[in-house]
Amino acid sequence: MEIRPILSALLRNKTGAILVALQVALSLAILANALHIVSERRHAAARPSGVADEQSVFSVSVRNLSSGGPEQQLATQKREAEVMRAVPGVVAVANVNQIPLSQSGWNNSVAVDRKQVDETAPSSFYFSPDSLVKVWGLKLVEGRDFLPSEYMDIDANTNVTPRHVIVTKALAEKMWPGVPATGKNMYFGTGEDAIEVRVVGVVERLQTQSAQVTARGEYSSIAPMRMYGGYPGALYTIRAEPGQRERVIRDVEAALRKASPTPVILESTTLDKHRADRYRADLALSWMLVTVSVLLLLITASGIVGMASLWVTQRRKQIGVRRALGARRADILRYFVTENFMITSAGVFGGVLLGVALNQLLVSKLEMARLPLGYLAGGSLVFWMLGVIAVYGPAWRAASTSPALATRSA
């Protein structure tokens with residue numbers, strides 16, 4: 001079939017064709033980026049936190065209504081930990097300052113040189129007087145866990161600081177790309193007041209309390225310390241035996257209330273709940289974007305069908321004349337399909353360019369990942385197929401019109 005007659009006909013009635021092409025271009029640009037965002041968000045929501053068997057881990061926040069002085073607070077924390085360890089079904093207990101994915105906690109800026117003006121990276125700052133490597137089942141990929149002699153109990157009213165640290169693989173690669181981190185010195189903060197610590201180990205993964213979608217979500221560090229004398233309470237992370245978590249939560253709370261000489265306020269939260277709360281907005285956004293994408297496809301298909309039907313009605317007599325001159329149904333059908341394919345192709349080309357531009361804007365403003373070309377290629381194929389399928393009905397009706405009926409005057 002000659003393309004030139006079809007192109008000439010489109011140029012004579014270009015308004016409708018331009019509108020359909022623009023609709024395809026906008027839909028493709030939005031659809032490709034929307035599905036990319038959905039994929040990124042769902043991938044982020046499924047990322048491992050670094051904590052092994054998350055379904056067996058929970059935390060308990062304990063607030064004592066009568067806390068006493070710093071030394072009494074320290075004694076209370078040690079006693080509470082021992083009470084929880086004695087509960088049947090408890091595998092391990094650790095006093096900790098924050099929980100992964102909890103959206104609340106401590107952060108530090110870290111640097112590789114005291115003389116730096118700007119930080120090398122932000123870091124989520126975990127600390128515990130117990131082995132979080134063991135309690136959370138973190139995977140050491142380099143170096144070792146803390147030695148018993150390296151753990152410290154620090155009064156919040158003093159300037160004592162830890163001297164050793166464990167970092168995540170992501171943070172280590174950010175600070176010392178391509179070289180081992182164990183044995184390196186790093187600094188919390190910059191300038192003369194920066195605190196120097198030595199890296200003794202690297203864990204494969206430990207998400208921050210905010211679990212950012214970017215690489216920053218795994219920039220974490222762990223210090224071997226307990227801080228007391230400030231907040232009149234403590235936070236504990238507990239690992240229960242598999243399948244026993246709910247019972248252990250009830251028993252731990254009962255044991256703490258029974259063992260405390262003064263009233264206590266307890267709040268238990270599972271790691272599952274922290275994950276659900278952290279990603280609730282992301283999953284809601286994903287469903288919203290999926291809904292928008294489906295509606296865009298339906299609207300675009302409706303636009304193509306409507307425009308094709310209009311063109312068939314306007315060219316009814318021309319179709320009849322062609323049929324009278326010997327054109328077959330297949331010829332009429334192929335004409336409209338080719339015409340619509342050309343319009344859709346123009347829209348697809350514009351949509352690819354627009355999609356790349358939109359992604360560049362999202363990357364620069366929202367720190368999103370770059371759009372893989374596969375989304376644009378897949379989207380282009382979808383719209384090409386959609387264009388052919390949407391025009392097939394009107395084209396078939398046009399091809400089925402008898403010459404006598406098509407050429408009959410109104």
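Which strand gives the most to the lining of the second largest cavity? The legends below, written for a predicted model, take up this question with the second view.

**View 1. The largest pocket and the residues that line it.** About 560 Å³ of space lies in this pocket, and its lining is made up of 26 residues, among which Val 96, Asn 97, Tyr 231, Ala 234 and Leu 235 are the ones nearest the centre. Two or more lining residues come from each of strand E1 (57-64), strand E11 (225-228), strand E12 (233-240) and strand E13 (264-270). Sorted by class, the lining holds 11 nonpolar, 13 polar and two charged residues.

**View 2. The second largest cavity, with a volume of about 40 Å³.** Strand E4 (residues 121-127) gives the most to this lining, with three residues. The residues around the cavity are Asn 107, Pro 122, Ser 123, Ser 124, Thr 208, Gln 212, Arg 216 and Tyr 219, and by class they divide into two nonpolar, five polar and one charged.

**View 3. The largest cavity, one of two cavities of 30 Å³ or more found in a search of the whole structure.** This cavity has a volume of about 60 Å³ and is lined by 10 residues, with Asn 64, Gln 73, Thr 76, Pro 232 and Gly 233 lying nearest its centre. Helix H3 (70-85) and strand E12 each provide at least two residues of the lining, and H3 gives the most, with four residues. The lining of the largest cavity comprises two nonpolar, seven polar and one charged residues.

Key. Residues are numbered from 1 along each chain as its sequence is written. This is a predicted model: local features need pLDDT of at least 70, side-chain atom pairs count only at pLDDT 80 or more; totals for chains, interfaces and linings use all residues. Side-chain values use heavy atoms; hydrogens and water are left out. On a 1 Å grid over the protein atoms alone, a cavity is a set of points where a 1.4 Å probe fits but cannot get out, and a pocket is an open set with protein on both sides within 12 Å along at least five of seven lines; lining residues have an atom within 4 Å of a point. Grid points are joined across faces, edges and corners, and a volume is the space filled by probe spheres set on the points. Ala, Val, Leu, Ile, Met, Phe, Trp, Tyr, Cys and Pro count as nonpolar, Asp, Glu, Lys and Arg as charged, and the others, Gly among them, as polar.
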